[in-house]
Amino acid sequence: MITPALPLPHERSASADESITAWALAARGGDPEAVDHFVRALHRDVIRYVAHLCADPQAVDDLAQDTFLRALGSLHRFEGRSSARAWLLAIARRAVADSIRYTAVRPRPADLPDWEPAAELAQPRGLPGFDDGVALLELLAGLPDERREAFVLTQLLGLPYAEAAALSDCPVGTIRSRVARARATLIALLAEAEEREPALAAA
């Protein structure tokens with residue numbers, strides 16, 4: 001059953017972001033343990049962000065890897081003026097944009113002619129919350145790009161509005177407006193889906 005409740009931002013304290021930023025600064029100095037902590041702490045956020053920006057689900061892992069390779073190669077320029085998380089997501093955004101530009105010039109054929117059915121068959125079933133999660137992802141995919149990005153950054157990844165605005169290169173008020181509109185659209189779509197469920201079950 002689809003519930004109309006929208007996910008809350010990850011509970012992420014300021015001290016957690018400070019720790020991640022400290023690891024990034026230590027990694028810049030060549031501390032391998034700090035590099036490991038930095039990558040592990042932000043890997044899930046990068047995967048989720050890239051997945052929502054990228055139109056090709058098969059490219060998500062490669063784009064996440066590219067993001068971390070770019071970040072680790074640029075750590076010597078990271079000075080900690082923003083959180084390491086916001087800095088890394090900005091790199092992820094550029095990696096996706098570069099990939100889209102490259103694909104537009106040189107479309108990459110799928111390895112399998114029937115990759116969509118194969119991907120559907122490979123999806124897990126019967127996991128708690130799985131159907132709800134898939135439904136939400138499908139609804140998010142239907143949002144305009146700018147609203148979807150604002151929603152993902154603030155509501156799914158828990159980025160502060162100011163950092164999301166800096167990452168998206170727009171005023172904080174614009175981010176707030178995009179998130180509000182995205183939430184209103186998602187709530188309306190979820191409510192519609194709830195209303196359709198009994199009719200579908202009866203049919």
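Predicted model: local features only at pLDDT ≥ 70, side-chain atom pairs only at ≥ 80, totals over all residues.
Close-up 1. Once its neighbours within four places in sequence are left aside, the residues in contact with S168 are R93, E149, L153, I175 and R178.

**Close-up 2. The buried face of helix α8.** Helix α8 comprises residues 161-168, and its buried residues are A164, A165, L167 and S168. When the helix is seen down its axis, the buried residues of α8 fall within an arc of 165°, so they line one face of the helix. Directly after α8 comes D169, a residue whose phi is positive, near 55°.

**Close-up 3. Packing of helix α7 with helix α8.** Helix α7, formed by residues 145-156, packs with α8 at an angle of about 145°, and the two axes are 10 Å apart. The crossing in which α7 passes α8 is right-handed. On the α7 side the contact is made by E149, L153, T154 and Q155, whereas α8 contributes Y161, A164, L167 and S168. Sorted by class, the residues in this contact of α7 with α8 are four nonpolar, three polar and one charged.

**Close-up 4. G173 in helix α9.** G173 lies in helix α9, which spans residues 172-202. Although G173 and Y161 are 12 residues apart along the chain, their C-alpha atoms are separated by 8.7 Å.

**Close-up 5. Packing of helix α2 with helix α3.** Helix α2 (residues 32-53) and helix α3 (residues 60-74) pack at an angle of about 135°, and their axes lie 9 Å apart. The two helices are therefore oblique to each other, and α2 passes α3 in a right-handed crossing. From α2, the residues V35, F38, V39, L42, H43, V46, I47, V50 and A51 take part in the contact, and they meet V60, D61, L63, A64, T67, F68 and L72 of α3. By class, this contact of α2 with α3 has 13 nonpolar residues, together with two polar and one charged.

Note on methods
Residues numbered from 1 in each chain as written. Heavy atoms only, no water. Axes fitted to C-alpha atoms, helices over the stretch in contact; angles between N-to-C directions. Helix = DSSP H or I, 4+ residues; strand = E, 2+ residues; numbered from the N terminus. Parallel < 35°, antiparallel > 145°, perpendicular 65-115°, else oblique. Left-handed = near helix turned anticlockwise from the far one by under 90°. Contact = heavy atoms within 4.5 Å. Nonpolar A, V, L, I, M, F, W, Y, C, P; charged D, E, K, R; others polar. Buried < 20%, exposed > 50% of the residue type's maximum accessible area, 1.4 Å probe, protein only. Arc of directions from axis to C-beta.
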